[in-house]
Amino acid sequence: MAVDSEVRALLRVLDGQRRHILGILDGLDAKALRRPVLPSGWHCLGLVQHLALDVERFWFRAVVAGDEATIRGLTSGDEAWNVAPEVPAGDVFEGYRQEARLADAVITATPADAALAWWPHDLFGEPHLHTLRDVLLHVITETACHAGHLDAARELIDGRRWLVLT
């Protein structure tokens, strides 16, 4: 199936946000990646794992594609934010990249106006998203929001800023 221009455009924007997520964390060591800097206690590595599991995997492989194995394997609550101490940071980053690749396969195989294959009524009640387009816009927004969280965390950790316009 040919990917329509709208889906290609939305995917380019999402890819830019994904690059931001990984780019703002480039150069941080394992200790810094696990250092909570906000009162809520989350850390950068946990946020990346959340994006992999609760965002990329959840919205594209479960909600858009309706993949039964993915739906059965979904975590609940804040589990995705918890990275076991023995899990290397590189594994979390590779997990995020892998989920993005799997999501891209769903995105490029689905028309923008395709109805969603599954909806998590137990989490959200009646559907408020209805098509791939809706999910792409939602995920772009969520990823951009979390990129901003990582910008603030990185600046608090070592002063680095992602993009500074003077």
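Where is L150 placed? L150 is in helix 7. The model is predicted.

L150 is buried, with a relative accessible area of 0%. Buried here means under 20%. Which residues does L150 contact, leaving aside neighbours within four places in sequence? They are I21, I24, L25, W42, C44 and L47. I21, I24 and L25 are buried residues of helix 1. D113 is 37 residues from L150 along the chain. The C-alpha atoms of L150 and D113 are separated by 32 Å.

Helix 7 runs over residues 132-158. It has 27 residues. From first C-alpha to last, helix 7 reaches 38 Å. That is close to the 39 Å expected at 1.5 Å a residue. After helix 7 comes G159. The phi of G159 is positive, near 85°.

## Helix 3 against helix 7

Helix 3 covers residues 44-64. How do helix 3 and helix 7 run, roughly parallel or roughly antiparallel? Their axes come within 11 Å and cross at roughly 180°. Angles over 145 degrees count as roughly antiparallel. So helix 3 is roughly antiparallel to helix 7.

From helix 3 come C44, L47, H50, L51, V55, W59, F60, V63 and V64. They meet L132, V135, L136, H138, V139, E142, T143, H146, H149, L150, A153 and I157 in helix 7. By class, the contact of helix 3 with helix 7 has 15 nonpolar, five polar and one charged residues.

Helix 1 spans residues 5-25. It has 21 residues and reaches 31 Å from its first C-alpha to its last.

Which residues of helix 1 are buried? They are V7, L10, L11, L14, Q17, R18, H20, I21, G23, I24 and L25. These buried residues pack against helix 2, helix 3, helix 5 and helix 7.

H20 gives a closer look. It lies in helix 1. With a relative accessible area of 11%, H20 falls under the 20% cut-off, so H20 is buried. H20 touches A147, D151 and W162, not counting residues up to four places away in sequence.

## Helix 1 against helix 3

The axes of helix 1 and helix 3 come within 11 Å. They cross at roughly 160°. That makes the two helices roughly antiparallel. The crossing is left-handed.

L14, R18, I21 and L25 supply the helix 1 side of the contact. They meet C44, V48, L51, E56 and F60 in helix 3. How many of the contact residues are nonpolar, polar and charged? Seven are nonpolar, none is polar and two are charged.

## Helix 1 against helix 5

Helix 5 covers residues 89-108. Helix 1 and helix 5 pack at an angle of about 180°, with their axes 12 Å apart. They are therefore roughly antiparallel to each other.

On the helix 1 side, V7, L11, L14, D15, R18, I21, L22 and L25 take part. They meet F93, Y96, R97, A100, A103, D104, I107 and T108 in helix 5. By class, this contact has 11 nonpolar, one polar and four charged residues. L14, R18, I21 and L25 meet residues of helix 5, and they also meet residues of helix 3.

K31 lies in helix 2, which covers residues 30-33. Is K31 buried or exposed? At 70% relative accessibility, K31 counts as exposed. The cut-off for exposed is over 50%. K31 and L45 are 14 residues apart along the chain, and their C-alpha atoms are separated by 10.0 Å.

P120 sits in the loop between helix 5 and helix 6. At 1% relative accessibility, P120 counts as buried. Leaving aside neighbours within four places in sequence, P120 is in contact with F58, V63 and G125. P120 and V63 are 57 residues apart along the chain. Their C-alpha atoms are separated by 7.7 Å.

Notes:
Residues numbered from 1 in each chain as written. Predicted model: local features only at pLDDT ≥ 70, side-chain atom pairs only at ≥ 80, totals over all residues. Heavy atoms only, no water. Helix = DSSP H or I, 4+ residues; strand = E, 2+ residues; numbered from the N terminus. Buried < 20%, exposed > 50% of the residue type's maximum accessible area, 1.4 Å probe, protein only. Contact = heavy atoms within 4.5 Å. Axes fitted to C-alpha atoms, helices over the stretch in contact; angles between N-to-C directions. Parallel < 35°, antiparallel > 145°, perpendicular 65-115°, else oblique. Left-handed = near helix turned anticlockwise from the far one by under 90°. Nonpolar A, V, L, I, M, F, W, Y, C, P; charged D, E, K, R; others polar. Expected span 1.5 Å × (residues − 1).
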